[in-house]
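This briefing gathers notes on selected local features of one protein model, grouped by topic. Please read them beside the sequence and the coordinates shown here.

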Amino acid sequence: MVGAGPNGLVAANVLADAGWRVQVLEAQERPGGAVRSDRGVHPDYVNDLFSSFYPLAVASPALRGLELERWGLAWSHAPAVLAHPLPDGRCPVLWRDPMRTAASLESLGVGDGEAYLRLLDLWDRVGDVLLNALLTPFPPVRAGLRLLRNVHAAGGLRALRTLTLPARRMGEEEFSGPGGGLLLTGSGLHADFSPESPGSGAFGLLLVMLGQRLGWPVPVGGSNGITNALVRRLAARGGALRCRAPVAEVVVREGRCLGVRTADGEPVRARRAVLADVSAPALYGGLVDWAHLPDRLRGELRRFQWDFATFKTDWALSRPIPWAAEGAATAGTVHVADGLDHLTRNTADLVTGRTPERPCLVLGQMTTSDRSRSPAGTESAWAYTHLSQRSGQGGRDGGWSAARRADLADRMERAVERLAPGFRDSIVARRVLAPPDLQRLNRNLVRGALNGGTAAPHQQLVFRPTPGRSGPHTPVAGLYLASASAHPGGGVHGACGANAAHAALRSRFLPRRTRR
């Protein structure tokens with residue numbers, strides 16, 4: 001197993017459960033990939049380096065099946081899931097109680113509470129089947145048939161049309177006020193959707209409804225809780241993990257994967273398979289030489305599109321954030337944008353290569369979500385904003401001088417300050433992570449891309465990572481792509497790893513004496 005991110009560790013556990021001897025090789029000093037936490041901002045504060053909230057983890061069949069709670073994982077929830085405070089003091093809030101959510105939206109638009117509950121009813125009819133179809137190997141024949149039956153029962157073509165709407169249009173059609181549309185479109189900030197993007201409505205609905213039914217939980221003590229549980233479970237199954245062991249090459253002979261070679265020249269033989277939790281561009285033409293791959297794949301990979309770059313700031317705060325809108329103080333996640341048009345202008349800047357003057361933010365209040373993250377009366381918090389993949393390339397610092405880092409971090413803080421006067425006075429310490437920093441800490445986050453490639457429809461399903469090369473199978477026998485570059489893509493759900501593991505278990509290329 002190349003890479004000890006969540007997909008790699010899930011795959012390793014699935015294979016170990018099947019009786020395989022598994023060795024995981026990880027380049028970094030610690031396992032976890034984009035699921036790690038530390039005390040690097042301030043020794044009294046726990047901050048997550050990358051991901052923080054895990055609705056897909058608690059919804060995922062792959063992770064649920066591993067029963068990680070038996071291995072020490074515990075979850076915690078903020079009082080509210082999500083809030084979107086506005087400059088005029090209004091604030092739609094996604095509460096765990098659907099009636100409270102409906103009341104929040106009703107306060108912003110007459111009839112919007114009932115409209116929200118109608119969307120929730122639609123989700124309850126199709127949501128579980130939709131998730132099963134998305135998070136299992138493609139094509140999901142059985143789940144797809146069940147989904148069609150459920151969509152038909154939920155309203156047929158009208159329900160299907162709703163699921164295909166862009167987020168802005170869904171909000172306009174369903175709600176009279178701004179609240180519902182903001183919850184839907186703001187959730188697009190978690191990927192690379194604009195409010196007008198195809199697929200943005202379904203993505204926003206997915207995140208909002210997962211928050212309504214399951215919450216957006218956090219691991220008690222930091223995101224390391226997920227990683228530590230996966231590592232403990234793997235060790236109990238006899239699996240081995242080696243950190244500081246970067247892989248330089250996948251060894252291929254006559255079209256068959258034989259193992260890997262580490263950066264220090266050590267050969268590691270694979271008797272059955274190699275699974276790679278690395279990005280598609282890092283695998284094809286990187287770890288696997290083009291001499292072993294079809295020419296067509298090289299051409300297709302030139303069209304591979306990364307998702308937006310990311311710039312993140314972590315804070316240790318002396319008190320909770322003093323939001324002017326009371327509802328924002330209760331939420332684990334806060335979307336910071338002046339409104340729907342601000343979200344659209346922000347995305348337009350990204351696709352045209354500009355750095356937004358007033359960035360939109362996703363902000364996490366971690367002590368609000370988990371009291372163990374910092375001392376009583378304080379807050380561990382972070383925010384990130386997206387950037388164009390063309391921003392800041394070149395130079396020893398990747399185009400990110402100290403002055404440029406400080407300028408964007410200051411702009412992010414001013415965006416919060418406008419909605420929470422006095423916020424900047426509460427900052428005890430901060431850490432700035434520009435796109436090259438995120439890539440240095442995790443090679444898969446190329447220029448800070450968090451999702452292994454765009455979430456847009458043209459690079460999903462049969463098109464992920466490339467047309468005709470979807471899913472975990474590669475042109476090399478015994479080699480499987482197990483990262484977020486494969487279907488179903490980004491998010492901490494472990495499905496990419498689980499799908500690769502099941503493909504390896506079913507492979508016809510295994511020697512007869514080793515198949516199970």
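Predicted model: local features only at pLDDT ≥ 70, side-chain atom pairs only at ≥ 80, totals over all residues.

In which strand is Thr262 found? The residue belongs to strand β10, which covers residues 256-262.

- Thr262 counts as buried, because its relative accessibility of 4% falls under the 20% limit.
- Leaving out residues up to four places away in sequence, Thr262 touches Leu25, Pro246, Val247, Ala248 and Val268.
- Thr262 and Glu249 are 13 residues apart along the chain, and their C-alpha atoms are separated by 6.8 Å.

**Pro267 and strand β11**

- Pro267 lies in strand β11, made up of residues 267-269, and at 58% relative accessibility Pro267 counts as exposed.
- When neighbours within four places in sequence are set aside, Pro267 is in contact with Val260 and Arg261.
- Pro267 and His386 are 119 residues apart in sequence, and from C-alpha to C-alpha they are 39 Å apart in space.

**Nonpolar cores**

- In soluble globular proteins, nonpolar side chains tend to be buried together.
- The largest nonpolar core holds 50 residues, of which Leu94, Tyr116, Trp123, Leu131, Phe175, Met209 and Leu210 touch the most other members.
- At least two residues of this core come from each of several elements, including the helices α5 (112-134), α6 (141-153) and α10 (200-214) and the strands β5 (80-83) and β16 (379-387); α5 gives the most, with 10 residues.
- Not counting residues up to four places away in sequence, Tyr116 touches Leu94, Pro98, Thr101, Ala102, Leu105, Phe175, Val208, Met209 and Gln212.

- Two packed helices are described by the angle between their axes and the distance between the axes.
- For helix α1 (residues 6-17) and helix α18 (residues 495-506), the axes come within 7 Å and cross at roughly 35°, and the crossing is right-handed.
- On the α1 side the contact is made by Asn7, Val10, Ala11, Val14 and Leu15, while α18 contributes Ala495, Cys496, Gly497, Ala498, Ala501, His502 and Leu505.
- Sorted by class, the residues of this contact are 9 nonpolar and 3 polar, with no charged residues.

**Cysteines**

- How many disulfides does the model have? The count comes to 0 disulfides.
- The sulfur of Cys257 has its closest cysteine sulfur in Cys496, at 19 Å, which is too far for a bond because a disulfide needs a pair of sulfur atoms within 2.5 Å.
- Cys496 is accordingly in no disulfide, with the sulfur of Cys257 as the nearest cysteine sulfur, 19 Å away.
- Cys257 is buried, with a relative accessible area of 3%, and Cys496 is buried as well, with a relative accessible area of 1%.

**Backbone details**

- Most residues other than glycine have a negative phi, and most peptide bonds are trans.
- The peptide bond from Arg464 to Pro465 is cis, with omega near 5°, and Pro465 is found in the loop between α17 (435-441) and β18 (479-481).
- A cis peptide bond also runs from His487 to Pro488, again with omega near 5°, and Pro488 has its place in the loop between β18 and α18.
- Glu254 has a phi near 50°, a positive value in a residue other than glycine; Glu254 is placed in the loop between β9 (247-253) and β10, and at 85% relative accessibility Glu254 counts as exposed.
- Leu461 likewise has a positive phi, near 50°, in a residue other than glycine; Leu461 is found in the loop between α17 and β18, and is partly exposed, with a relative accessible area of 37%.

Conventions: Residues numbered from 1 in each chain as written. Heavy atoms only, no water. Axes fitted to C-alpha atoms, helices over the stretch in contact; angles between N-to-C directions. Helix = DSSP H or I, 4+ residues; strand = E, 2+ residues; numbered from the N terminus. Left-handed = near helix turned anticlockwise from the far one by under 90°. Contact = heavy atoms within 4.5 Å. Nonpolar A, V, L, I, M, F, W, Y, C, P; charged D, E, K, R; others polar. Buried < 20%, exposed > 50% of the residue type's maximum accessible area, 1.4 Å probe, protein only. Core = buried A, V, L, I, M, F, W, Y, C linked by side-chain atoms within 4.5 Å.
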